[in-house]
Structures are given as structure tokens and as C-alpha cells.
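Here is a short briefing to read alongside your structure. Keep the viewer open and follow the topics one by one.

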Amino acid sequence: MGNADSKLHFRKAVVQLTTKTQPVEASDDVFWDQFWVDSSTTVQDVFALVPAAEIRAVREESPSNLATLCYKAVERLVQGADSGCPSEKERQTVLNCTRLLTRILPYIFEDADWRGFFWSTIPGRHLDRDADDEGRPLAESLLLAIADLLFCPDFTIQSHKKSSPDTADDIRAIDSCEYIWEAGVGFAQAPPLNYVHDLNRTELLKLLLTCFSEAMYLPPSAENKVLNPWISFFCSTDNRHALPLFTSLLNVVCAYDPVGYGIPYNHLLFSDYREQLVEQAVQILIVTLEHEAGSAASQEVHTPGGPDNLFVNYLSRIHREEDLSFVLKGLARLLNNPLIQTYLPRSTKKIQFHQELLILFWKFCDFNKKFLFFVLKSSDVLDMLIPILFYLNDARADQSRLGLMHIGVFILLLLSGERNFGVRLNKPYALRVPMDIPVFTGTHADLLIVIFHKIISSGHQRLQPLFDCLLTIIVNISPYLKSLSMVAANKLLHLLEAFSTPWFLFSSPQNHHLVFFLLEVCNNIIQYQFDGNFNLVYAIIRKRNVFHQLANLPSDTTSIQRALQKKKRTGISRTNSVENESMEGSRPAVPAEPGTLKASLEATPGIDKITEKSQVSQDGTMITVPHLDSPHTSKSSIAAGLESARSRLSSVSSTAAWSANSDWVSSWKAKLPLQTIMRLLQVLVPQVEKICIDKGLTDESEILKFLQHGTLVGLLPVPHPILIRKYQANAGTAMWFRTYIWGVIYLRNVDPPIWYDTDIRLFEIQRI
């Protein structure tokens, strides 16, 4: 009954606040205490009892009352942080203020006139603990109080003393590095689990994330020069808890094991308070790390002597083998969790925050080169590859998960720029993750090619801008692939056949780049890995007409017009890609349910903007190649909003703006890298035909055996240098990441729905 009274009491206070037109004095503690001292409300209650319309009404009609409410709530948090919250009543007050500020802050941010409010000092009132600190902005007082409260003995951490109210730890004297929340990087002791502490930390982190979310209310801009003041201050040396907090967040995420002791259905029997904490922790990490806007872009943004982000700094300096291993194993365990196969349906807990984990892994690889080399040093990289491929395959038909497709492809593009990644892919793929792809026996490279083929041939139309990236990854790994399976070889040739139809080539100014990429893949494998790749050689011989047609592609105006009138189907024919047999337990990728919300994304820059060409020299080192307009990177724009070839063709404006002509076709046709393949066909086709006639062969295996022992030494053109396109960050990708990260956070925070129904400007929320 008490709880109902408490809610009623709180609701009365809200009504009083919204109906008072006269400013209420800040000194009227009887009035203000109704919001946090006398009530006990959950965060869900606060969201229900403080409607959006009423917050906006107070903001417009009695702004001084809203200002005083915010100020008084922050003041209470500062008092709680100073006193160390020794009593239950003080802890409840701190939680109530935390929930109320989480509710109100988005409505402060959505109004441009209010956005600076927390960065002003309130005349005549000081929240400072030190007299020298006079006139600290409200935002700084709030952030420092949250940081202190996250290391508050018996509230968010286990006290090391046998405390009584008289001997409670002085919160300002404790060394928070001794109170890191979980063992892991730089900290060996695992504190005992305490679900109350986990719940309190989660509430404070929710408020912290809300403070950082001012970014959602500013329109996207590639200028990106303005750093988020909330994150800048929190990740600066002003925050004495920056190191222990970064370490706590990272260790809590990487040590989390959702399966626990492996008791079936344990997640249905017990509440897992740690999971909520892990979700908030990983979201805080990716938002604070996004702040530097990517390693390359940050140099453009950074002014000398500008603010330094300590979270980025700490992450980039992790170097001990055991720490790198702890992070990699933790991320791999969590990303593989949804793939776990069990005999009892739904008997193990499945986590939902894999997008945030992928962004965190991306940040680690981007900011910490030691981590990237550690990942690629052993087969452990395959523990990351398999879940990424699983998510890509699973999300390919669902438009609401377009961002997930991008982050997965970006990670693989980054990894594919390193030689070791291609080498690791030769490991046989023995695991059987349930995916609706054809059953095959082969390597992890085969798995990657089969899934990329599936994405291209049966994904939704808005994935077309990613085709360049997918094929660039295959080009980057191709010089190292020792032996493709027949299934993967056929998939590559099917893509080449589909992309090289005259209709597809002539229907868009960029489509021929896809053919250049695929020819480069074939050339790399023939030149550098001929011996083990008899399956691919056989597939090339079988589909030799594709190469002859490309070599003889007509470029006269009449032929171009005739080809364009044939537009029977889009670039990829789906007929050859239907497999009869899929992996056991697989479920087909399905489109989003009607009514699913999705956040819009910024356009991704073209493949030539996000990659830098490097040539592999004799000793294996990389030499950067200067940016020339080469045939397959010139102005290749893959803006994320491009529609499929069919819709581009039907659009009057696009065809009016560009149409294929003889000179254009001749300009790139002359550069098609066909010499190596033509030489291979010239030598091998007569030999294969002769064997078939002489021995009356119709059996594929005999032909493959012949090709397996054949050689082209001295017959092929001199091998070309290996060209790798390495991922390169820029302001455009930085902006893409910002919209993606905040879009994920918006959609994932539904209980309570912190930003729902507020005026977001960074992206649009659309219903599918």
C-alpha cells in the first residue's frame, strides 16, 4: 500500500509543478523534497508519472521552475556523493534524483535555447566542494557527482571496512583504483557479486548515457568539429575516476558469461542483474570512444593541445598479452552466444547487444594496433569471424538491420587489409553453425565467399552499395587462399557471370567496377596459389564463354541500346543460387516484422574514400600506392541510399543525368585484366578437351585430377604485384558511426524508453 501512496504523492508534486505559474523558491525544501525524499518510485514509475507533455509545458510556461528542479536534483546528487550515502534514505534520494534527471534531460537537449543551461553557472549558488572551484557549470558538478557515486562504498561498491555509520569510508579519500568492479585488465581480484550494487550502477550509467545523448539532438554534419562537451569533460583529467571507471566498464563487459554454470533455463528461474549492467557499460564505452571520431579523422579534428580523451588513451595503451587475450576471449564468448546450439529449445540465455559488441571490437582494432596484431596472430580471429558472418547472413533480408550489415562488412574490410587474415582463412571449417547456406566441405575462406554470394544474390535492395566492399574483401584475401572448394569457386563464377551481362554493365556508371574486382580475384589466385586451386581453374574452364564475351563486349551505340532494352532482371540472377540442401537447424533470413522501428543512417563514403591502396613488396612489407584514378576506383560512390539497378534505370532523372556511350565503354573495356585468364584458357582448354576425347571421359573427378597435377610455370604473364586496399577512416565514416551508434542506443533503450517521442535530429526513426 505504501508504494501506491508514494506514487500518488509523487504525482501530486508533478501536478503542482506543472500548474504553478509563479516561480517556486529554491529554498522551499518542503516543496522540492516531495520529488526525491518522501517518495520511493522505480524508473518506470517516473517515466509514467512525468508525461512528456507536462515536461514541455513547464519548460515553456514556467522555465524558472524547471531550472530550479534540475539544479536542486543535481545539488542532491552532489550532497549524496559528498556524504557517501551512509543511510538507506540518502541512497533512495540519490536514486530518485537520478531517475528524474534521466527523464528530464532529453527535453532540455531538444530545445536549442535550453541546451546551454547545464553549462551555465547559477549566480549566487555553488555546488562546489572547494572554494577555489568557484562557479563550476551545473553539467560538470553533475558528471563529477555521478563518477563519485559509481565508487560509493555500500552503494555501488563493496566497502573494505567493517563499517558502522561512524567509521564509513570518506568517499573523497578512497582510491577508486582499489574498487574496480570486476577482475580483468589491470586488476586481479574479483569482488563478490552484489545485485543491489549492480542495479544502482545501472541506474547511474543510464543517467550518464542520457547526459551524453545531447549528440542525438544535433543534425548530422561532416564538419564534425564540435566535440560533445559532456563526453569531453567526463573523459578528461578533471574526472579522477576516469581510469578505474574505464577499467570497470571494460572488465564487466569482457568477464560476463550469460550461460553461467550452464544449467538449462537458468535465465527463466533467476533474474540476471549483471546483464543490464553489461548492456549499459558497453553502450557508455562505445559512445565515449566514438568521441574521437576514428583514428585518422581525429587528427583532422584535433587541435594541438586540445582536450584528450582518456578512455581512448587507456584503450590504445593496453598491451599485456593476458589483457589482450582477456578482451578478445570475452568479446568472442559474447558474440558467439546467440549461435549456441542446444538440444532443449531456448534453454540458454541469448544476449541481444551484439551490435554494441561489434562496435567495441571495431574500436579496439582501430585504436589499438597491438590488439589488431594479437587478434590476427592465431586462429582466434576465426572465433570473431564466424559470428560476424552469421549475423551478416541472418540480417541480409531485414532492412531494419542495415547498420548491422555495414559494421560487419567494415570490420571484415579492416581485417582483410592484413596479410595474416587471409592466411588464417585457410583453416578448415569444421564447426556447423546453423545457417541457410549450402552444405560444403572446405575452409573458412569458402564460408566467407558462400555467405557473401548469398548476401549479393538474395539480400534486400539497399545492400547494393555494399557490393564494392564485399568484393574488395575477397580481393584482399585472394592472394593467400590455398584451395577453394568447388562450391565457393562456382559462387565466384556465378557472380562474375551475373555482373558481366551487357545489360548490367551498361545500366550504371559504377557496375563495371564489380567485374574488375572479380577478375582481380581470379588473377591473384591463378598467379599466387595455382597449385591448390584446381576447383577454381575447372570452374573458369567451364565458364570460359563469360571471359570470351567480356573480351568481345560490343561498344557501339546500337549494341549498347539493344543490351539496355533487354533488362529482363536485375544484375544478379537468382535462378542459379537456389540450394537444395542447407545446414541443419538453419532458419532462412527473414525481412523485418511490419511495424519494426529503424533508425536512418548517414551515407557511407565510396570505396575509394574508405580504402587506401598498398602494394605488397617482395619481403612482405606494404608500400602505399599514390591515389590515381585507376579504372576500378575512379569516383566510385556507394552512397547508402542508392537503389538497385532496376530502380535507377527506371528513374528519369538518373538516366537523363548519365547514359552509357561508346567512348565510356571503350575507356574501361581496354583495361579489363583478362590476359592471365585468357592465357590459362589458351593452354588448358585444348589439353582438357584432348583428354576427354582420348579417354572418353565424362567424369569431373578425372579432369580435376589432371588439373591438380598440371602446371602453368613459365606460361603465364609475369605475376603482378599484390594490391591490398586497406581501410582508411575519414570524416564521412566518423559521421556514419555516430548516427549508427546512437541509432542502436535509441532503439535498444526501451525500458524505460529514454528518448522515445523526443525531437531527435541526428537520424530519423522510421516504421517498416
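**A look around N426**

N426 sits in the loop that runs between α20 (419-424) and α21 (444-458); helices here are DSSP runs of H or I with at least four residues, strands are runs of E with at least two, and both are numbered from the N terminus. Please keep in mind that this is a predicted model, where local features need pLDDT of at least 70, side-chain atom pairs count only at pLDDT 80 or more, and totals for chains, interfaces and linings use all residues. Residues are numbered from 1 along each chain as its sequence is written, and side-chain values use heavy atoms, with hydrogens and water left out.

- Is N426 buried or exposed? N426 counts as buried, because its relative accessibility is 19% and the cut-off for buried is under 20% relative accessible area (exposed is over 50%, partly exposed lies in between; 1.4 Å probe, protein chains only).
- A polar atom of the N426 side chain lies 2.8 Å from the backbone oxygen of Y480.
- Leaving aside residues up to four places away in sequence, N426 touches T443, Y480, L481, K482 and S483; contact means heavy atoms within 4.5 Å.

**The three-stranded sheet**

- Three strands make an open antiparallel sheet in the order β3-β2-β4, and two strands pair if DSSP finds at least two bridges between them.
- At the edges are β3 (622-624) and β4 (722-727), each of which pairs on one side only.
- On average, neighbouring strands of this sheet are turned by 40 degrees against each other, direction ignored; axes are lines fitted to C-alpha atoms, for helices over the stretch in contact, and angles run from 0 to 180 degrees between N-to-C directions.
- Strand β2 (residues 611-616) pairs with β3 over three bridges and with β4 over six bridges, in the antiparallel sense each time.
- Q615 is a handy landmark: its bridge partner in β3 is I623, and its bridge partner in β4 is L723.
- V616 stands opposite M622 in β3.
- β2 and β3 form a hairpin with five residues between them, and G620 in the turn has a positive phi of about 90 degrees.

**The nonpolar core**

- Which residues touch the most other members of the largest nonpolar core? They are F35, F118 and F212, in a core of 249 residues; such a core is a set of buried Ala, Val, Leu, Ile, Met, Phe, Trp, Tyr and Cys residues joined through side-chain atoms within 4.5 Å.
- This core lies between domain 1 (1-123 + 134-155) and domain 2 (378-565 + 611-618 + 668-720 + 722-727), because both give residues to it; the domain bounds come from an automatic or database domain assignment.
- Beyond residues up to four places away in sequence, F118 touches C70, V74, L101, L105, I108, P137, L138, A139, L142 and W230.

- V546 belongs to helix α27 (residues 544-551) and is buried, with a relative accessible area of 3%.
- V546 and L493 are 53 residues apart in sequence and 8.8 Å apart in space, C-alpha to C-alpha.
- The contacts of V546, not counting residues up to four places away in sequence, are L496, E497 and S500.
- I610 is found in helix α29 (residues 607-610) and counts as buried at 0% relative accessibility.
- I610 and A729 are 119 residues apart in sequence, while their C-alpha atoms are 6.1 Å apart in space.
- With residues up to four places away in sequence left out, I610 touches F410, L413, C469, P605, K726, Y727, Q728, N730 and T733.

Note on methods: A polar contact is a pair of N or O atoms within 3.5 Å; within protein, one must be able to donate a hydrogen and the other to accept it, and residues adjacent in sequence count only if both atoms are side-chain atoms.
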